[in-house]
Structures are given as structure tokens and as C-alpha cells.
Amino acid sequence: MHAVEQVFREHRTRMLAALTRVLGDLELAEDSLQDACAQALRTWTTTPDDPMAWLLTVARNRAIDRIRRARRPVPVRPEVAVDSYSLDSLVNLGDERLSLIFTCCHPALSLEARVALTLQAVAGLTAAQIGRSFLVPEATMAQRLVRAKRKIRDAGIAFAVPADHLLPARLSSVLAVVYLVFTQGYVSFDQALASEAVRLGKLIASLMPDEPEALGLVALMVLQDSRFAARRTPSGDFVLLADQDRSLWDRTAVVEGTSLVERALSRRQPGPYQLQAAIAAVHAQALSPEDTDWPQIVALYTELSVRSPSPVILLNLGVAVAMASGPTEGLALIDRITGLDRYHLWHSARADLLRRLGRASEAAEAYGRALELATEESDRRFLKGRFDELRLGVNPHDLARLPEDE
Amino acid sequence: MRYMMLVYGCHREELPDGYDQVNAYVKDLIARGVFVGADPLHLPDTATTVQVRSDETLITDGPYAETHEALGGYFMVDCANLDEAIELAELCPLAKLGSIEIRPVLENTFR
């Protein structure tokens with residue numbers, strides 16, 4: 001690997017953050033950092049003593065060139081006049097990566113833009129890579145990125161970690177972006193994207209050691225990721241948690257995730273990510289679905305539903321109650337949930353409990369409804385199988401069907 | 001930075017004590033040192049539209065925007081960044097009923 005590439009890989013985000021802090025413009029910072037790397041590739045015969053300082057110096061000079069060439073009143077912010085691009089302050093700047101992350105995840109940007117920007121500016125992915133992961137053409141993704149960067153500059157979105165009174169809401173926006181990246185990787189079996197989300201989460205947790213929710217999110221992702229190999233059949237079908245071959249779970253990841261969630265919970269400030277991670281840890285420790293500590297899972301989902309009441313969490317609670325106390329109790333809870341009539345997993349969870357209670361025709365009807373609503377091909381195959389079994393009177397093996405934990 | 005805060009879908013007459021509340025809000029903006037200007041507008045049925053096409057002036061009555069999308073007035077503030085502008089918009093009594101669109105002013109256009 002060329003020395004430039006190595007420095008770039010290792011320090012890209014820090015350099016970009018430092019340049020953005022000084023230039024006040026993310027797009028300009030990226031372009032001039034690119035310029036500097038191109039120049040380094042051409043001119044480095046040996047690596048300079050301080051390669052980061054070299055790249056930052058060149059990038060800053062190229063930024064000034066670019067501003068002069070543009071002949072427009074850039075920079076727009078008075079505090080970043082060209083004269084103030086002092087080299088000392090640039091090279092000795094502290095770690096500005098957290099400012100970069102918060103800026104990319106600012107709620108004044110659309111969620112799509114936040115996700116794309118975080119993946120590009122913080123994780124270093126290209127527009128083409130991000131587009132592939134989110135099924136968006138590269139040109140559309142590039143346009144989305146440019147628009148977002150210009151909005152940051154023109155609308156005056158501060159390049160800063162938000163003030164204390166804004167921090168809880170803004171941190172949850174940051175964590176939601178990371179989890180959305182992970183979920184996209186997870187559901188589309190894109191391991192690289194899921195790993196990128198885990199890396200982002202670890203970066204945030206290391207930059208914000210006093211936020212147990214950041215650690216909780218990392219734990220949750222690591223634990224979910226530990227099941228990656230077991231989640232799909234060789235033909236590409238989705239395998240439910242209850243049916244997964246647990247010997248395929250990545251034990252190292254389970255140990256890592258479990259110890260992370262314990263570390264987070266020891267801070268005694270539980271939140272939604274920590275609780276979901278704790279649920280995933282309980283699953284991860286069970287040798288079989290029957291071996292699972294269902295009362296513990298019910299307790300955790302109950303706590304979670306109090307803190308962030310959502311119908312999907314209630315559905316998961318209902319499924320856990322069915323496992324802990326029996327299908328009648330579970331069904332009673334699930335039937336009381338409103339707002340999930342368009343959600344195929346609500347219908348398939350009902351269908352499963354009805355089936356276990358021997359109410360075959362109601363179960364078939366519910367599987368039919370789930371089948372109408374499911375869009376993923378592997379979900380549809382599974383539901384169709386269940387539907388046909390009931391219609392044909394075949395008695396399937398009797399296992400709980402868990403909706404994929406939220 | 002200067003920001004225009006455009007108030008949509010709400011007129012101060014629709015708020016109980018609207019006049020007093022908006023007055024208090026403007027006093028607050030002045031006290032914070034961010035106030036540039038503000039005006040309420042008459043209802044959209046007083047609107048007149050002018051267009052000049054091939055040297056011909058076309059004058060039309062309206063448009064009568066739907067109540068929820070009608071521009072009711074504006075506040076102009078000068079503050080540090082978008083976060084501060086968002087906080088100022090949150091404090092506006094009209095935000096409770098309508099919506100406030102924050103638009104950064106394109107500076108240095110006229111010299």
C-alpha cells in the first residue's frame with residue numbers, strides 16, 4: 001500500500017474534520033483534501049516526518065486557491081476569513097470528529113441525507129458504494145450529498161457538538177442514523193455495510209465515553225451481527241431466530257457484545273438501545289429457544305415499552321409473553337395492539353399463536369393477511385408455506401415464531 | 001447570520017391574546033439582541049399578483065392560498081447559527097398553531 005493511502009485510510013476523518021472546522025465548508029474541505037492526496041501521490045518519494053501535517057498544509061493552500069478561483073464571497077462566515085486559516089491552529093487542532101458526526105446528523109437535514117453524509121464524510125464511503133447499499137443510482141446519491149453539504153454551509157448549521165440542553169435529542173439522532181445504516185446492512189445481508197455501522201458506533205462510543213446509550217447501541221449491533229451466518233439458508237431464505245442453527249453464531253461477538261451491554265448497564269442510565277442489547281444478550285446466551293430466559297425477556301420488553309412505547313415493541317412483548325406464559329396470554333396482549341394492521345409480522349405472530357391454540361381456520365386467515373402484506377420474497381415463501389400447511393391440514397412442528405427482534 | 005422566519009398557516013388573530021403574545025415575543029427577540037424586523041400581513045384575500053411578460057403587465061387578484069399554506073407574516077433575526085434560529089422559532093407563539101419556515105438570507109448580494 002502506498003504511504004499516502006495508508007495515512008489517508010487511518011486519518012482521513014480526522015483530517016477532514018480539522019479542515020472543515022477551519023474552512024467552515026465540508027464540500028471545500030473534501031475537495032481540497034482530495035487535491036492534497038493527489039499531490040502527495042505524485043510527489044512523495046519518502047514519507048514526510050509528519051504526513052498528516054503535510055497533507056493538511058497542502059489541503060489548506062489548495063482550499064485558498066479554490067476560493068480565489070471561485071471569485072465568490074466564500075467563506076460566508078466572518079470567522080473563517082482566509083487570513084485566519086492559520087497553519088498552527090489547523091495542525092494542532094484537537095479531535096474534531098465528533099463535531100463532524102453531529103453536523104452530518106443534524107435534524108435539519110433529511111434522514112436520507114444524514115445517512116448518506118455520515119457514510120461519506122465520517123466512514124469514507126463513496127457515493128457509488130452508498131448508492132449500491134441503499135438501491136439509489138450513484139448520480140442521485142452524489143446529488144443528495146452535494147445538496148446536503150451546501151445546506152450545511154448556506155443554512156448555517158454549526159460545525160460543533162451541540163450545547164448540553166440539545167445534546168440528548170441530538171445524540172439520539174446520531175445513534176438513529178448509525179442504527180439505520182446497520183439495519184439496512186442487516187436486512188439486505190450486506191455484511192460490509194453492517195460492519196461499517198459497528199465501526200461508526202464504536203467511534204462514537206469512544207468519543208463519548210459518558211453516554212451509555214452509545215455503548216448500548218454498539219452492544220446491540222455486535223450481538224445482532226453475531227447471528228449473521230445463521231440468518232440465511234444457503235438458498236438465501238431468511239431464518240427466524242427460533243429456527244437458527246445456534247452453532248453458527250459468532251461466539252467471540254456474543255462475548256464481546258454481552259460484556260459491552262454489561263458495561264453500559266453498570267452506568268445505571270438504561271435507555272432503549274441498552275435494553276434491546278440486553279434482550280439480544282439473553283437470546284445469545286440460550287442454547288435453544290426453549291432454553292431462553294423468557295421471563296427475563298418479558299421484563300426487559302416491559303421496561304422498554306414503558307420508555308419508548310411503540311406498537312412493534314408491544315408486539316415483541318406479546319410474543320415473549322406467549323413463550324413465558326403460554327399462547328393465550330400472548331394472544332390477548334397482541335390482539336390489544338392497535339396500529340399494526342398493515343404490518344405483516346403482527347398478522348404472522350397472531351397466526352402462529354392461533355395455530356398453536358388449534359384455531360386453524362383463524363390462523364390460516366391471519367397467515368393469508370400476512371402474506372398479502374409481506375414484501376420480502378423470503379418472508380413470503382415462509383408465510384406461503386405456513387398458509388399451505390394449514391390449508392392442507394399438515395401439522396407443522398410446534399415452535400414459536402419470533403418476529404425479528406426490533 | 002440573518003434568517004427570515006416565515007410564518008405559515010397561522011395569524012395572530014387566531015391565537016387567544018395573539019397580539020400580546022407576539023408583542024412579548026418581539027420584546028424578547030430585542031432583549032436577546034437578535035431582532036432585525038417583523039411584520040404581520042393582511043389575510044391572503046387581499047393579495048394582488050403582478051407579472052410582466054413581453055412588456056405587458058398582468059395584474060391578478062389573489063392567489064388565495066389555502067389557510068394552512070398562507071404566508072401570515074415574518075420575523076427577521078440575526079443570530080449565530082441554525083440551532084439558535086431553531087430555538088428562536090420554537091419560542092414563537094405562532095409556532096404552536098402554524099409552522100415557521102426558517103430561510104437563511106443570501107448575504108452580500110447587493111452592494
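Good morning. In this predicted model, helices α14(A) and α15(A) are roughly antiparallel to each other, because angles over 145 degrees count as such and their axes cross at roughly 160°. The axes of these two helices, residues 294-307 and residues 311-325 of chain A, come within 9 Å. Their crossing is left-handed.

Let me turn to the residues at that crossing. From α14(A) come A:Trp294, A:Pro295, A:Ile297, A:Val298, A:Tyr301, A:Thr302, A:Leu304 and A:Ser305, and they meet A:Ile313, A:Leu314, A:Asn316, A:Leu317, A:Ala320, A:Val321, A:Met323 and A:Ala324 of α15(A). By class, the contact of α14(A) with α15(A) comprises 13 nonpolar residues, three polar and no charged.

The next pair is α11(A), residues 212-225, and α13(A), residues 272-285, whose axes lie 8 Å apart at an angle of about 30°. With that angle, α11(A) is roughly parallel to α13(A). The crossing of α11(A) and α13(A) is left-handed as well. Among the residues in contact are A:Gly216, A:Leu220 and A:Leu223 of α11(A), together with A:Tyr273, A:Ala277 and A:Ala281 of α13(A). How do the residues of this contact divide into nonpolar, polar and charged? There are 10 nonpolar, four polar and one charged in the contact of α11(A) with α13(A).

Finally, the contact between the chains. Chain B contributes seven residues and chain A contributes 10. On the side of chain B that touches chain A, three residues are nonpolar, two are polar and two are charged.

Thank you.

Notes. Residues numbered from 1 in each chain as written. Chains lettered and ligands numbered in written order. Predicted model: local features only at pLDDT ≥ 70, side-chain atom pairs only at ≥ 80, totals over all residues. Axes fitted to C-alpha atoms, helices over the stretch in contact; angles between N-to-C directions. Helix = DSSP H or I, 4+ residues; strand = E, 2+ residues; numbered from the N terminus. Parallel < 35°, antiparallel > 145°, perpendicular 65-115°, else oblique. Left-handed = near helix turned anticlockwise from the far one by under 90°. Contact = placed C-beta atoms within 7 Å. Nonpolar A, V, L, I, M, F, W, Y, C, P; charged D, E, K, R; others polar.
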